[in-house]
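User: Hi! Could you walk me through this one while I have it open on my screen?
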Amino acid sequence: MMGDKNTADCPVCDDAAGIASPEGNEDTSGWGGLEFLPGHPLMWVLILSELVVFGAFLLVFSAVRIMDPAKFAADQLHLSPLAGGINTIILLSSGLSAVFAMRAMERKRILSCRIWLGGTALLGLVFLVVKLVEYGAKINAGITIDTSTFFTLYFLITGFHALHVVLGLGILCVVGMWPSRVNIETGTAFWHMVDLIWVLVFPVIYLVR
């Protein structure tokens, strides 16, 4: 079988999506369909829960803005759409790099996979640097988390996302050290979630008025 050949070519490779093979003993049938997604089903439980959390944050942000649109619009002028746009491009580029890492893994090119993962992580670090520069500019201007409701939500939402970027970098390092197919699928799935969340956060906080 082709799956047996691939596993033989790469002794560290696990069964795709963590599903038990005829030779394995793990039963993932109780994951409610998540076992058919790439990577380990438990990661998709985490991803779905995080999407719900960020969705709730953005709904709260939008609801509060409706109650005080003028104040939110005035505070929003202190943000830098350019910095947010640059970070959007950076994360989208990192997502593309993660795709190439997965493709390299599918071809059993471990070194190439690690290089692409390194590129993904490097872009993630650049994202964090831009975000820290942006935070620094706000603090230097006297703007903190206590300045207004807008900036309370701004720092909470973007800071929480930044923590997910940091977590994603850690996950990329781990799967890069143990590059099995299921590990790479799991790690890149989390990273794509980080990308998706920022694509939602950027327009809602920086652009929508």
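Analyst: Happy to! From the N terminus on, the elements run α-α-α-α-α-α-α. Keep in mind that this is a predicted model.

User: Nice. What share of the contacts joins residues at least 24 apart?
Analyst: Counting contacts between residues at least 6 apart in sequence, 72% join residues at least 24 apart.

User: Let's zoom in. Which residues of α3 are buried?
Analyst: Phe72, Asp75 and Gln76 are buried in α3. Looking down the axis of α3, these buried residues fall within an arc of 100°, so they line one face of the helix.

User: What covers the buried residues of α3?
Analyst: The cover includes α2 (41-67), α6 (149-177) and α7 (181-207).

User: I'm curious about aspartate 75. Why does it count as buried?
Analyst: Aspartate 75 counts as buried because its relative accessibility is 5%, and the cut-off is under 20%. Leaving aside neighbours within four places in sequence, aspartate 75 is in contact with Ser148, Phe150 and Phe151.

User: Switching topic: at what angle do α2 and α7 pack?
Analyst: The angle is about 5°, and the two axes are 10 Å apart. α2 and α7 are therefore roughly parallel to each other.

User: Which residues make that contact?
Analyst: On the α2 side they include Trp44, Leu51, Phe54 and Phe61, and on the α7 side they include Phe190, Met193, Leu200 and Ile205. By class, the contact of α2 with α7 has 17 nonpolar, two polar and two charged residues.

User: What does threonine 88 touch?
Analyst: Not counting residues up to four places away in sequence, threonine 88 touches Trp198 and Phe202. Threonine 88 and tryptophan 198 are 110 residues apart along the chain, yet their C-alpha atoms are separated by 7.0 Å.

User: Great, thanks!

How values were computed:
Residues are numbered from 1 along each chain as its sequence is written. This is a predicted model: local features need pLDDT of at least 70, side-chain atom pairs count only at pLDDT 80 or more; totals for chains, interfaces and linings use all residues. Side-chain values use heavy atoms; hydrogens and water are left out. Helices (H or I, at least four residues) and strands (E, at least two) are DSSP runs, numbered from the N terminus. Contact means heavy atoms within 4.5 Å. Buried means under 20% relative accessible area, exposed over 50%, partly exposed in between (1.4 Å probe, protein chains only). The arc is that of the directions from the helix axis to the C-beta atoms. Axes are lines fitted to C-alpha atoms, for helices over the stretch in contact, and angles run from 0 to 180 degrees between N-to-C directions. Angles under 35 degrees count as roughly parallel, over 145 as roughly antiparallel, 65 to 115 as roughly perpendicular and the rest as oblique. Ala, Val, Leu, Ile, Met, Phe, Trp, Tyr, Cys and Pro count as nonpolar, Asp, Glu, Lys and Arg as charged, and the others, Gly among them, as polar.
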